[in-house]
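Subject: Structure for you to look at

Hello,

Here is the structure I said I would pass on. Please open it alongside this message and read the two together.

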Amino acid sequence: MNANSKILVTGATGNVGRQVVSRLLTAHVGEVRALTRTPDAARLPQQADVRQGDLADSGALESALEGVDAVFLMWPFHSAEPAAAVVDAVQRHARRVVLLSSGAVQSGLPWDRQPHPVGRSHRAVEQLIEDSALRWTHLRPSTFAANALWWADQIRTGDAVRGAYGAAAMAPLHEADIAAVAVRALTDDGHDAATYTLTGPDVLTQAEQVRVIGEALGRPLRWQELSREAARQLLLADAAIPDSFVEVLLDGYAEMLDAPRPVTTGTVEEITGAPARTLHQWALDHADAFRRRR
Ligand SMILES: NC(=O)c1ccc[n+]([C@@H]2O[C@H](COP(=O)([O-])OP(=O)(O)OC[C@H]3O[C@@H](n4cnc5c(N)ncnc54)[C@H](OP(=O)(O)O)[C@@H]3O)[C@@H](O)[C@H]2O)c1
């Protein structure tokens, strides 16, 4: 990529997309376009060329894609419904795409044999991209550390996080590390047809994550186990989590209890040269979100 490149970042206000935008701007790789449905609320950097649009709105997408060389594609839907049209539009304009896929995708299985619904929709998008004329890189991240923001209200107002499946283990990944890998894949050569499985550096149960966040905040926090039904009611009351995602989330935690302990990868460090950030570091970076209000 040179200083005249144009890169479109979709999901530009999201956990990862926002960091991709700022890192591309810092790297001075040319024009950075940022797609959002609500530019007025987006709080994106002034240097970004902010475009209004829904990924499912073909007119808005076509216009955002005009003259673009590369696309960071974040898939916001819980199905692959509009994927064929989106991938087709991207390949008519750009040469390269970096897809924010998911660690829920199981390697070696086609989309319709993926056991997990999130894996199914993401693998379907991956396959459409692989069958296109695009140069592609797929990122398959483990659980985002940012999911801990779902606990922010409970941590601001008390010393316990209530939920189900506290023994479910995962390798929480800092969004800055996903974005750093995405920027390398968008701007350097050598990432074509690569699928990167990205994880955080440590395997932690949900209960351990609460303890680590407490250590970073400088106060003791503990996990309080709830029944699945009580946790379902709590999640349904949370405006940040779509109702349709609640069962998927709980099923995912239940599966983690039975699955072999997750394995971490060194891929973040291999691609970026820096080790993946710990959950402790993530909590320090987001301490404001958990701070008690006076
Ligand atoms: N959370 C995890 O643990 C995890 C793990 C692995 C993979 N993933 C994957 O990573 C991706 C991001 O997940 P997240 O939970 O972190 O999301 P998020 O960052 O909260 O993303 C929300 C973003 O999606 C955009 N968006 C929503 N609907 C849109 C639409 N119809 N058209 C265009 N943009 C739309 C929003 O943009 P505006 O509101 O500004 O339009 C916002 O930027 C998902 O594909 C998810 O499956 C997540």
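Below are notes on the chain as a whole and then on the ligand.

Please keep in mind that this is a predicted model.

The protein chain

The secondary structure of the protein chain consists of 12 helices and 11 strands. Among contacts with a separation of 6 or more, 74% are between residues 24 or more positions apart. The accessible surface of the protein chain is about 13700 Å², and carbon and sulfur atoms account for 49% of that surface.

The ligand

There are 22 residues around the ligand, and those that come nearest are T13, N15, T36, R37 and W75. By type, the shell holds nine nonpolar, 11 polar and two charged residues.

A backbone N or O atom of R37 is 2.7 Å from an oxygen atom of the ligand. For W75, a polar backbone atom lies 2.6 Å from an oxygen atom of the ligand. With D54 the side chain takes part: one of its N or O atoms is 2.9 Å from a nitrogen atom of the ligand. The ligand on its own has 900 Å² of accessible area, and the protein covers 77% of it.

Regards

Methods:
Residues are numbered from 1 along each chain as its sequence is written. This is a predicted model: local features need pLDDT of at least 70, side-chain atom pairs count only at pLDDT 80 or more; totals for chains, interfaces and linings use all residues. Side-chain values use heavy atoms; hydrogens and water are left out. A residue is near a molecule or strand if one of its heavy atoms lies within 4 Å of it. A polar contact is a pair of N or O atoms within 3.5 Å; within protein, one must be able to donate a hydrogen and the other to accept it, and residues adjacent in sequence count only if both atoms are side-chain atoms. Accessible areas come from the Shrake-Rupley method with a 1.4 Å probe; for residues, only the protein chains shown count as cover. Ala, Val, Leu, Ile, Met, Phe, Trp, Tyr, Cys and Pro count as nonpolar, Asp, Glu, Lys and Arg as charged, and the others, Gly among them, as polar. Helices (H or I, at least four residues) and strands (E, at least two) are DSSP runs, numbered from the N terminus. Contact means heavy atoms within 4.5 Å.
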